[in-house]
Amino acid sequence: MAVAHPQATDTAASVTGRSRRTAILALTGPAYLWLALTIFLPLSAMLYYSFLSDVPIGDRTAVLTLENYAAFFEKEFYQTLMWRSFRLGFEVTFYCLVFGFPCAYVLAKTIRGRSREALFLLIILPFWSNALVRIFSWTMVLRGNGVLEHSLNWLIPEFGSLNLMFTYPAIILGLVHSYIPYMILTCYISIEAIDNGVIEAARSLGARRLSVLRRIIIPLAMPGIIAGSILIFVPVVGSFMEPRILGGRQGTFIGTIIEDQFTAVFNWPLGAALSFIMLALVLVVLAIMAPAIKRVT
Amino acid sequence: MRRNFLRHLAISLSVVAGLMAANTQAFAAEIRVLNWQGYGTDEAWALEMFKKKTGISVVHDYFNSEQEMLTKLRTNPGAYDVVLINSAFTGQAAKEGLIQVIDTSGMKNVGDLSPNMRNDASLVQGGKTYGVAWVWGVTSFAVDTGDFKTIPDSIEVLWDPANAGRVGWRDDAVEAVQFAAIATGQNINNPADFASIRAKLRALKPQIRTFWSSEDEWNQFMSANEFDLATYWSGSAARSKTAFNLPVEFVIPKEGAIGWLDGLSIATGAPDTESARAFIDFMIDPAFYVKWDTDVGAPASANAAANAQLPATAFNRTAFKDPARVAKIQFMGPMDDGLREKILELWQETKTYLLD
């Protein structure tokens, strides 16, 4: 048909060009409008709050001020906690990568058929339960006289106690468990896409397993590693529920400090300002990483 | 055919209207209560008792801090009927217009309330009742009787090196600072010497095993032996003993303790003020209180008649016998936002110091 009437298709193309734009607008418009309403509006309201001296509810009067941002730079403990949160973000991301990547590799390249489906289900299953429930189950496992100590004492008599609950490693453990599925799923997708022929070619040309991993698999899987890392790093830096429950006395982070501004005192402006400082620092970290990311992808 | 259709329509419309009427009726006889979880108003047997008596059903929403309660009232006007407010916050809530004046005429149990609590300066302002005194108690600490053969009588036991790593502490800025104020002999509502409070709180570093934030968590930690002594509320200690069979003993130390009075208020814009009044009256009724304290465990009632009906051995009748100790209890008073933010900042700084 198109070959028989070349002129007709030409004019049709310009018409469809316009109607296609309308169609794209009509189809994506609602989604963007929804995103704008649900993300942009609350976020800009909070940005506005962060420059106020008080919450303008009821008969409270508020003036514009930079004090909330200044507080972060004046009080050393805010900076200490911000650094601690970023360290937590890096460490959790690192452990997710160390444990998640091999898991994704095995899933993508070694296991086939039904067992792969079953394993996938096991990885995604924790996602279906509430995050709070997951963290509370960890408290049952980790606490003194809990499931873990009992089983260790059963295996190794006179093992004694682990004292893991309310420590920094307990927070890491809970967060890695919560976020590792992101790493597995994103890495799985990019490892799956690697052509087996490339790996076989490298092997047949005499490359050792380690150099295949280092020079072929990891570079080709990099988009998945980066996507997973960002998906994990950003929420972990701001996490407050997991550290509070698993960390006890060690569970003070910038996220819990921000939460306190909203729940313990009615100081939304300071909470908002601290959140935006955190957001800015996360963006700085991503910007520093950007050249490296560009090079490998 | 057409007439038939109209008749069908009329019948179905009247059925729908009837259903809707029944629905609104059922809706009217339901009140919403905002309180701490597990704090009396949500006892299942009590709600059954109340429903049988008045036909009113009760639904609950909860908060984990006084600020959360105030925020919920501020951001959801008209969502709640009855709200529990620590009297230290009643004045602020009234000033912000979050709660309304309660007409106590016809509430038969109000007359039995201890006069000093009924007319507490925070609850009654300018002759107007903003909160009905409900229960009162003290914030202090409780010890595991398995680990403490003799019950300590000084607050310093929390700082005793012998108890390093065994102390549970509530993660609440105001409460933490008030504990330190008592230990350093200061006014809990307006401490003058913040430097000594700061030092006292920092001295907790080797002591604290973990923070707790709810009664449920406290019971879990205590039964799992995570801590052997921990800050606590008197009514909750009674519940831990009675309802959870934990071997704990509440201590009112010689240096004093933090006293509080909890009142029940009616939120501004409450959908059903009448039912709210009936519920508050039921809550201060000895019939409810005696069963609550005996079967579950409760703080002391503001209703003198209700307290008198408790068994002679009940904690709430024996704990406050020693007048010298009772005189040392400092009641929580109102605090302005500025002081509160200063206290939070001090506590957050301390928590940063407490990190390893």
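Reader: What are the bounds of domain 1 and domain 2 of chain B?

Author: This is a predicted model, in which local features need pLDDT of at least 70, side-chain atom pairs count only at pLDDT 80 or more, and totals for chains, interfaces and linings use all residues. Residues are numbered from 1 along each chain as its sequence is written, and chains are lettered from A and ligands numbered from 1 in the order in which they are written. Domain bounds come from an automatic or database domain assignment. For chain B that assignment gives domain 1 as 31-134 + 261-314 and domain 2 as 137-259 + 331-354.

Reader: How many residues does each domain of chain B give to the contact?

Author: Two residues are in contact if their C-beta atoms, placed from the backbone, lie within 7 Å. The centres of the two domains of chain B, taken over C-alpha atoms, are 26 Å apart. Their contact takes 14 residues from domain 1 of chain B and 18 residues from domain 2 of chain B.

Reader: Which helix gives the most to the side of domain 1 of chain B that touches domain 2 of chain B?

Author: Helices (H or I, at least four residues) and strands (E, at least two) are DSSP runs, numbered from the N terminus. By class, this side of domain 1 of chain B has 6 nonpolar, 8 polar and no charged residues. Here Ala, Val, Leu, Ile, Met, Phe, Trp, Tyr, Cys and Pro count as nonpolar, Asp, Glu, Lys and Arg as charged, and the others, Gly among them, as polar. The element that gives the most, with 3 residues, is helix H4 (residues 87-95) of chain B.

Reader: Is strand E9 of chain B enclosed or exposed?

Author: A residue is buried if 20 or more other C-beta atoms lie within 10 Å of its own, exposed if 12 or fewer, and partly exposed in between, with C-beta atoms placed from the backbone. Strand E9 (residues 208-212) of chain B has 5 of its 5 residues buried, so it is largely enclosed by the rest of the structure.

Reader: In which sense do E8 and E9 of chain B pair?

Author: Two strands pair if DSSP finds at least two bridges between them. Gly168(B) stands opposite Thr210(B) in E9(B). Over 4 bridges, strand E8 (residues 167-170) of chain B and E9(B) pair in the sense called parallel.

Reader: Asn245(B) has a positive phi; is it buried or exposed?

Author: Its phi is near 55°. Asn245(B) lies in the loop between helix H9 (234-242) and strand E11 (248-251) of chain B. With 9 C-beta neighbours inside 10 Å, Asn245(B) counts as exposed.

Reader: And Phe166(A), buried or exposed?

Author: Phe166(A) has a phi near 65°. Phe166(A) is found in the loop between helix H6 (147-155) and helix H7 (168-192) of chain A. With 24 other C-beta atoms within 10 Å, Phe166(A) is buried.

Reader: How many residues of chain A and of chain B are in the contact between them?

Author: The predictor gives the complex an ipTM of 0.80 and a pTM of 0.81. The contact takes 21 residues from chain A and 26 residues from chain B.

Reader: Where in chain B does pLDDT stay under 50?

Author: pLDDT is the predictor's confidence in each residue, from 0 to 100. The mean for chain B is 89, and 92% of its residues reach 70 or more. The stretch under 50, for which the model has 0 contacts beyond four places in sequence, is residues 18-27 of chain B.
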